[in-house]
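Hello,

Here is the structure we talked about. Please look it over alongside the notes below.

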Amino acid sequence: MTMKQTTLILIKPDGVRRGLTGHILARIEAKGYRIEAMHMLTATAEQLAAHYHEHVDKPFYPGIVRYMTSGPLVAAIVSGHRVIEGVRSLSGATDPTIAAPGTIRGDYGFDTGSDAIENLIHSSDSPQSAEQEKRVWF
């Protein structure tokens, strides 16, 4: 039984701004995953509303929009055996302060004190989310 999947990753504006794009992609490739498509862009309000649709009416959403539009991001489609689970494990906990050392967020992330968690990377959490998110960004 094969578990080959594709997932969406976003290297968020803080990762691009800090020059970590190559480091983050290298970790993903070193794990054995393949980058199928990739581009750099600045997120639009429409893309963010579609991507974060479940949070649009929450009080923290404006902070997400400010953060995610603060500079360019890199969107990539990555494939591999159990890639969704694997990239989320590589990424580490959402809160960079408690993310384990050895993970992307644990090694490179820190709490900036902003009203949005600046945590370097997004990756889809399920095959259904991956399909929806790939349509938003590609």
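H122 sits in strand 4. This is a predicted model, and the UniProt record, an unreviewed entry, annotates H122 as "active site". Is H122 buried or exposed? Its relative accessible area is 13%, so H122 is buried, the cut-off being under 20%. Setting aside neighbours within four places in sequence, H122 is in contact with L8, I9, L10, K12, H51, R105 and E133.

K12, one of those contacts, is in the loop between strand 1 and helix 1. With a relative accessible area of 7%, K12 is buried. Not counting residues up to four places away in sequence, K12 touches Y52, Y67, M68, L73, N119, L120, I121 and H122.

The largest pocket holds about 580 Å³ of space. Its lining is made up of 27 residues, and K12, Y52, H55, T94 and H122 are those that lie nearest the centre. Helix 4, helix 5 (83-91), strand 4 (121-123) and helix 7 (127-137) are the elements that give two or more residues to this lining. By class, the lining of the largest pocket contains 12 polar, 8 nonpolar and 7 charged residues.

F60 belongs to the loop between helix 3 and helix 4. F60 is partly exposed, at a relative accessible area of 37%, whereas K12 is buried.

On helix 4:

Which residues of helix 4 (residues 61-68) are buried? They are Y61, G63, I64, Y67 and M68. Viewed down the axis of helix 4, these buried residues fall within an arc of 155 degrees, so they line one face of the helix. In an α-helix there are 3.6 residues a turn, so residues three or four places apart point the same way. The cover over the buried residues of helix 4 includes strand 1 (4-11), helix 1 (13-17), helix 3 (45-51) and strand 3 (73-81). Two of the residues on this face, Y67 and M68, are also touched by K12.

On backbone angles:

Most residues other than glycine have a negative phi. R82 has a positive phi, near 55 degrees, and L120 has one near 70 degrees. R82 is in the loop between strand 3 and helix 5, and L120 is in the loop between helix 6 (104-108) and strand 4. R82 counts as partly exposed at 38% relative accessibility, while L120 counts as buried at 0%. L120 is also among the residues that K12 touches.

On the overall layout:

UniProt lists residues 4-138 as "domain: Nucleoside diphosphate kinase-like", again in an unreviewed entry. Over residues 4-138 the chain is 41% helix and 21% strand, with the end C-alpha atoms 20 Å apart. T44 lies in the loop between strand 2 (34-41) and helix 3 and is partly exposed at 32% relative accessibility. The C-alpha atoms of T44 and S89 are separated by 28 Å, with the two residues 45 apart along the chain.

Regards

How values were computed:
Residues are numbered from 1 along each chain as its sequence is written. This is a predicted model: local features need pLDDT of at least 70, side-chain atom pairs count only at pLDDT 80 or more; totals for chains, interfaces and linings use all residues. Side-chain values use heavy atoms; hydrogens and water are left out. Buried means under 20% relative accessible area, exposed over 50%, partly exposed in between (1.4 Å probe, protein chains only). Helices (H or I, at least four residues) and strands (E, at least two) are DSSP runs, numbered from the N terminus. The arc is that of the directions from the helix axis to the C-beta atoms. Contact means heavy atoms within 4.5 Å. UniProt positions are given in the numbering used here, feature names are shortened, and annotations may be inferred rather than shown by experiment. On a 1 Å grid over the protein atoms alone, a cavity is a set of points where a 1.4 Å probe fits but cannot get out, and a pocket is an open set with protein on both sides within 12 Å along at least five of seven lines; lining residues have an atom within 4 Å of a point. Grid points are joined across faces, edges and corners, and a volume is the space filled by probe spheres set on the points. Ala, Val, Leu, Ile, Met, Phe, Trp, Tyr, Cys and Pro count as nonpolar, Asp, Glu, Lys and Arg as charged, and the others, Gly among them, as polar.
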